[in-house]
Amino acid sequence: MAVTDFFAGEIATELLKQLITICKKGAFCKSSAEHLKKDIEELLPTIEEIKYSGVELPQLRQVQLDQFSMVLRQGLELTTKVLASSRWHVYKNLQLARKMEKLEKNVSRFLNGPMQAHILADVQHIRFESTERFYRLEKRIENLRLGTIDDRWLKEEVQWVGKEEEIFGLPGVDLGIGMALGKKKVKEMIIGREELRVVGICGIGGSGKTTLAREIFRDNQVRSYFKDRVFFETVSQSPNVEQLKLKLWKQITGNQIFGSNVPIPQWEFQFNSSFSGRTLIVLDDVWSLSVLDQLIFKIPGCKTIVVSRFKYPTVVDSTYELELLREDEAMSLFCYSAFRQKTIPYTADKKLVEQIVEECGRLPLALKVIGASLRDQPQLLWTSAKNRLSRGEPICESHEINLLNRMAITVEHLSPKVKECFLDLGSFPEDKKIPLDVLINMWVEIHDLDEEEAFAIVIELSNKNLLTLVKDARAGDICSNYHEISVTQHDVLRDLALHFSNCGSLNRRRRLLMPRREDKIPKEWERNMDQPFDAQLVSVHTGEMRKSDWFYMDFPKAEVLILNFSSNEYFLPPFIERMPKLRALILMNYGTMNTILNNLSVFISMENLRSLWLEKITVPPLLKTNFPLHNLRKVSVILCKVNDGFNGSATDLSHVFPQLSELTMDHCVDLTELPSSICKVRSLKSLSITNCHGLLELPEELGMLNSLQVLRLYACPALKKLPAGVCELERLMYLDISQCVNLRGLPDGIGRLTRLEKIDMRECLQIRTLPKSLVSLRSLYRVICDEEFAWLWKEMKDMPDVRVQVAKECFNLDWLAE
């Protein structure tokens, strides 16, 4: 749910006005009102930052923000009663005073308890200016090798990542005229033209429609006209319409009436004046008129911008058709992609460059991708590219086919392994972030790569503009898990990957993919089920699947299975039993609720499974089974309900995962403690527990993990101490306790960790002293901490080689001014 769902801004502003009036009246509630007034005044800038950030928050954070919004709304109702109460009604005023005191405590608890750390940390993390943390990814290679390597080749690539996120949004590129013209025309349609209720932005794939829409979304004049009630949502080819409708409805109403479980009324309703005000909804990547009809709100003051490759004259009142680039704009974009400057360098063949730009047909995406593919390539390759482009006759007059034909050359010039990795990207749903950890795990298993090679391929594809790395704010420092970084891909590039993957006979394809979500398995698959499928990678994208919805297929060569779905219950496909070589299983639920899995018996057949990714799943049934996965090396549990599966000692993890090397648990909000049996998994090298706000303690026997090298306990605010067993982890090299805001201190015996190299202890607010035994950490060379704590480390004279890095503050409001 987007942070722009959070409408506490308007509520807080009105509440502040009421509190000021109460303070002036000198009533019974004056003291509470003054305290509340101070808290709200400090809160308002943060709320504004949240409203303007325009990015997604985790589900838990949004629930917390919604709860806080409700508290403020109740406060507004209470202050209204206080102001309406006569000063002579002593008993009633005393009752109101008690309620005001209770409100003050509730607000204070939200602001000053762990909630403050959670909300401000995440807002800090999702800021678009989080470049510094993202830059630290270059150190990831060092962590993977657990040694020192020469990674200078990576520095330049990582520094460029994130600078080319938008087709037009390139630094130094002069595309102002065309973009400014489109922006001006669309603004004229939505500002002051009350008769235009639905406005369209139309253009071919890769022409910059989304970029123009985002420019409108961010425009100060537009935001001012609609009083910051401007919302941006991506629809895509296979949307969850009901989920989108509910999300948009809550944005418009500010969660004032309808809860998440209450059906939305028909759009043709008698308008409630309490919702009055201008609102702008931007619907990006719309593919279906039937879907669009369900997302148009017939509410006075509500306007909609529809961004699509198609025109919808029956719904859209006026459409702006995006034009292709002018010649100078096309040259500027291509040169920046190919040479990282906006003009042709004097060392380049000017005529050859002009010919290639002309062949790209002034299509922004083609210019960007082809330019990047030719960067730093020899002259011979440039000439070959020009010749092949000039011979590329489109199959028909369709611009889409023409665009695919032009960009196909960029894939053909990739090395075989890099090309295969690019084609794998078509396995994931459109318009969704792909966790980088999923890609790395998949490529390691299916292409016989090590993690360093896989990450280098990600950087190469990003550098060639064939994917975009998203700077997820949760990315920490070195030793970060890959799940903290995501990958996105332009839908035309995804179409290109699907185009290459879907060539040839269905049963002989290396990848068997569902391009978009469907209710059932494609009939084409069923018609060919009498013969084995040679697919090495299988990707399914559906809604809820029952036993009767599946049919048996043979996959003797399948090594990776990706199950994308949106449902509360999901029956695992029986054909898993016919995947004897399955090495990686990825289950990703895109629904609003956690999924309960059925047919767990298929795990018996997964003898070769090495990597398991579970996202938004209810885990316990899986871990209570008696199916030991002997070859499983890596488990990632993301946004899952773990309940009895991990809490307590009921589950013997050493039996289920006897050879486990890496365990990652992120945003498992109901995790309170790890079972002590995890300490028997002697093969475990990396244990990462992040954003698990219910985690109260770690097992005392943790020291039994004599192979553990990485221990991450990022953002576990309920954790108050580390067990003494941590000091027995003789091979531990990296310890991350950052944002464990209630952790009281480091264990006294920490000096026994003679191999410990790095400690990250940012925002550990309760730690005030350091154990004397730290001087025995002869391998320690880097500590990351807050400024007020850094002096303690710097005063340790016996540790001159330790580099103390002061982290940016997250919990105060200073960063709002940056």
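The points below go from the overall figures to the cores, the sheets and the aromatic rings.

1. Basis. This is a predicted model, in which local features need pLDDT of at least 70 and side-chain atom pairs count only at pLDDT 80 or more, while totals for chains, interfaces and linings use all residues. Residues are numbered from 1 along each chain as its sequence is written, and side-chain values use heavy atoms, with hydrogens and water left out.

2. Overall figures. The protein has 26 helices and 24 strands; these are DSSP runs numbered from the N terminus, helices being H or I with at least four residues and strands E with at least two. Of its 818 residues, 59% are buried, where buried means under 20% relative accessible area, exposed over 50% and partly exposed in between (1.4 Å probe, protein chains only). Among contacts (heavy atoms within 4.5 Å) with a separation of 6 or more, 67% are between residues 24 or more positions apart.

3. Nonpolar cores. A nonpolar core is a set of buried Ala, Val, Leu, Ile, Met, Phe, Trp, Tyr and Cys residues joined through side-chain atoms within 4.5 Å. The largest has 98 residues, and Leu687, Ile689, Ile737, Met761 and Trp793 touch the most other members. Helix H26 (residues 787–794) gives the most to this core, with four residues. Another core lies apart from it and has 71 residues, including Cys360, Leu423, Ile562 and Ala584.

4. Surroundings of Leu687. Which residues is Leu687 in contact with, leaving aside its neighbours within four places in sequence? They are Leu663, Leu674, Ile678, Leu702, Leu708, Val710, Leu711 and Arg712.

5. Helix H22. This helix spans residues 491–501 and is mostly covered, with nine of its eleven residues buried. Parallel sheet. S12, S14 and S16 form, in that order, an open sheet of three strands with parallel pairing; two strands pair if DSSP finds at least two bridges between them. The edge strands are S12 and S16, each of which pairs on one side only. S12 and S14 are joined by three bridges, and Tyr570 has Leu597 as its bridge partner in S14. Between S14 and strand S16 (residues 617–618) there are two bridges. Here Thr595 stands opposite Ile617, and Ile596 stands opposite Thr618.

6. Faces of S14. Which residues of strand S14 (residues 595–598) are on its covered face, and which on its uncovered one? Thr595 and Leu597 are on the covered face, Ile596 and Asn598 on the uncovered one. In a regular strand the side chains alternate between the two faces of the sheet.

7. Antiparallel sheet. A further open sheet has three strands in the order S6-S8-S7, with antiparallel pairing. Its edge strands are S6 (434–435) and S7 (468–470), each pairing on one side only. S6 pairs with strand S8 (residues 486–488) over two bridges, and Pro435 stands opposite Ser486 in S8.

8. Aromatic pairs. The structure holds ten aromatic pairs. Rings of Phe, Tyr and Trp (its six-membered ring) pair if their centres lie within 6.5 Å; planes under 30 degrees apart count as stacked, over 60 as edge-to-face and the rest as tilted. The ring centres of Phe334 and Trp382 are 6.1 Å apart and their planes stand at 85 degrees, so this pair is edge-to-face. Because Phe334 lies in helix H14 (residues 327–339) and Trp382 in helix H17 (residues 379–391), the pair ties together parts that are 48 residues apart in sequence. Phe334 counts as buried at 0% relative accessibility, and Trp382 counts as buried at 7%.

9. Trp550 and Tyr570. The centres of these two rings are 6.2 Å apart with planes at 85 degrees, so the pair is edge-to-face. Trp550 lies in the loop between strand S10 (537–542) and strand S11 (560–565), and Tyr570 in strand S12 (residues 569–571), so the pair ties together parts that are 20 residues apart in sequence. Both residues are buried. Ring pairs link Phe533, Trp550, Phe555, Phe565, Tyr570 and Phe575 into a cluster.

10. Charges over rings. A charge sits over a ring if NZ of Lys or CZ of Arg is within 6 Å of the ring centre and within 35 degrees of the ring normal. Arg214 lies over the face of Phe232, 4.1 Å from the ring centre. The charged end of Arg278 sits over the ring of Tyr225, at 4.0 Å from its centre.
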